[in-house]
Amino acid sequence: MTRTLRAAIALAGAAALSLSAVATSGAAQPGAGSEKQDVRIGLLLPESKTTRYEKFDRPYIEQKIKELAPDAQIDYYNAAESATTQQQQVNTALAKGDKVLILDAVDAKSIQSSVQKARDAGVKVVAYDRLAQGPVDAYVSYDNKKVGKLQGEALLAALGDKAETGQIVMHNGSPTDPNAAEFKAGAHSVLDGKVKIGKEYDTPNWDPNNANQQMSGAISALGKDKIVGVYSANDGLAAGIATALKSAGMNVPLTGQDAQLDAIQRILLGTQTITIEKPYKPEADIAATMAVDLAEGKKLPADLTPITVTSGSGEKVPSTLLTPVVVNKDNIKDTVVKDGLYTVDEICTPTYAAACKEAGLE
């Protein structure tokens, strides 16, 4: 089976692919006296506070690269939420001789000069999950506006008639993350005109502590009896929001994204309404395939980049956008469990045993 065909299969079956049985692989190191590797890839991820990057994205990408190019060298960097650090890491990757960078930008705008520097050095850039500005060669992510629409639709469904009488609070993501703007736009396209937005916040660095403070402030400003629901752009923010709601003695519909384990458990308890699953392995596999093809000097096939997306700096980037999935209390087994993201035992610890039984997770 050709690499192109494998990538096409990954696209077609994104939501159904198993995410299990993947071992974390460390960055490859050349053996003593070995010749220079034909494939050398820099993997630059934005932070480790969110569970996904170290637990899923990194190992899946590294494993797929090694599957396609066993002798590949992988140089790994994590920016720890610092745009400046990430710019320095790009410089390091270029100095080491990486042929391709898989880049998940901390700040899509400020990284533009680094992307240009890579282009000037003849190094290809695959934008991963977030579309960096500058001359990016390929991009893979999920349909981010669709994510926001799904979140908004789920929130309205949970509100029912209360949408006409109460107010919601919106917690969007980091203003430096282009995905956050798309989640926000998608949610507004559904919510505007259907429910009153009492307070709305952008949340720097996707910080749960900031979201907690924002929610506490909104409760004080609006009054807890006036708030009927909360839009949260992701599960990290939802964790901080849920704590503020609990402190105020409130339990209202609350959205999320990323299908984090704690979010799944909140959904079981009824303190979060939905999350959005974006299976990591299909996205990681496609990024790795793009990177290896580019490192080997190949032109990316059309079925690997079926659409073109325009970046914030105006570049037309060959892209793949996968389809997100709504997770609620009724379909946990058919989504995150079936996809191998978590086992029932990981979800159903003693604290959640009764809720798991009620939801049919046994």
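Student: Which residues line the second largest cavity?

Tutor: Before the list, note that this is a predicted model, in which local features need pLDDT of at least 70 and side-chain atom pairs count only at pLDDT 80 or more, while totals for chains, interfaces and linings use all residues. Residues are numbered from 1 along each chain as its sequence is written, and side-chain values use heavy atoms, with hydrogens and water left out. On a 1 Å grid over the protein atoms alone, a cavity is a set of points where a 1.4 Å probe fits but cannot get out, and lining residues have an atom within 4 Å of a point. That gives Pro-46, Glu-47, Glu-81, Val-106, Arg-130, Ser-174, Thr-176, Asp-177, Asn-205 and Trp-206.

Student: And what volume does the second largest cavity have?

Tutor: Grid points are joined across faces, edges and corners, and a volume is the space filled by probe spheres set on the points. For the second largest cavity, that comes to about 100 Å³.

Student: How do the residues lining the largest cavity divide by class?

Tutor: The search of the whole structure finds two cavities of 30 Å³ or more, and the largest holds about 140 Å³ of space. It is lined by 14 residues, with Tyr-53, Arg-130, Trp-206, Asn-234 and Asp-258 nearest its centre. Ala, Val, Leu, Ile, Met, Phe, Trp, Tyr, Cys and Pro count as nonpolar, Asp, Glu, Lys and Arg as charged, and the others, Gly among them, as polar. By class, the lining of the largest cavity has three nonpolar, four polar and seven charged residues.

Student: Which element gives the most to the lining of the largest pocket?

Tutor: A pocket is an open set of grid points with protein on both sides within 12 Å along at least five of seven lines, and the largest one has about 370 Å³ of space. Of its 28 lining residues, the closest to the centre are Asp-177, Pro-178, Asn-179, Ala-181 and Glu-182. The elements giving two or more residues are β5 (138-142), α5, α6 and β10 (307-310), where helices (H or I, at least four residues) and strands (E, at least two) are DSSP runs numbered from the N terminus. With six residues, the top contributor is α6.

Student: What is the strand order in the open sheet of three strands?

Tutor: Two strands pair if DSSP finds at least two bridges between them. The edge strands, β7 (196-202) and β8 (227-232), each pair on one side only. Five bridges join β6 (residues 167-172) to β8, with Val-169 partnered by Val-230 in β8. With parallel pairing, the order is β7-β6-β8.

Student: At about what angle does helix α6 run to β6?

Tutor: Axes are lines fitted to C-alpha atoms, for helices over the stretch in contact, and angles run from 0 to 180 degrees between N-to-C directions; contact means heavy atoms within 4.5 Å. Helix α5 (residues 144-159) lies across β6 and β8, at about 165° to β8. Helix α6 (residues 178-191) lies across β6, β7 and β8, and its angle to β6 is about 165°.

Student: Which kind of aromatic pair do Phe-56 and Tyr-60 form?

Tutor: Rings of Phe, Tyr and Trp (its six-membered ring) pair if their centres lie within 6.5 Å; planes under 30 degrees apart count as stacked, over 60 as edge-to-face and the rest as tilted. Both residues lie in helix α2 (residues 51-68), four residues apart, about one turn of the helix. At 6.1 Å centre to centre and 35° between the planes, the pair is tilted.
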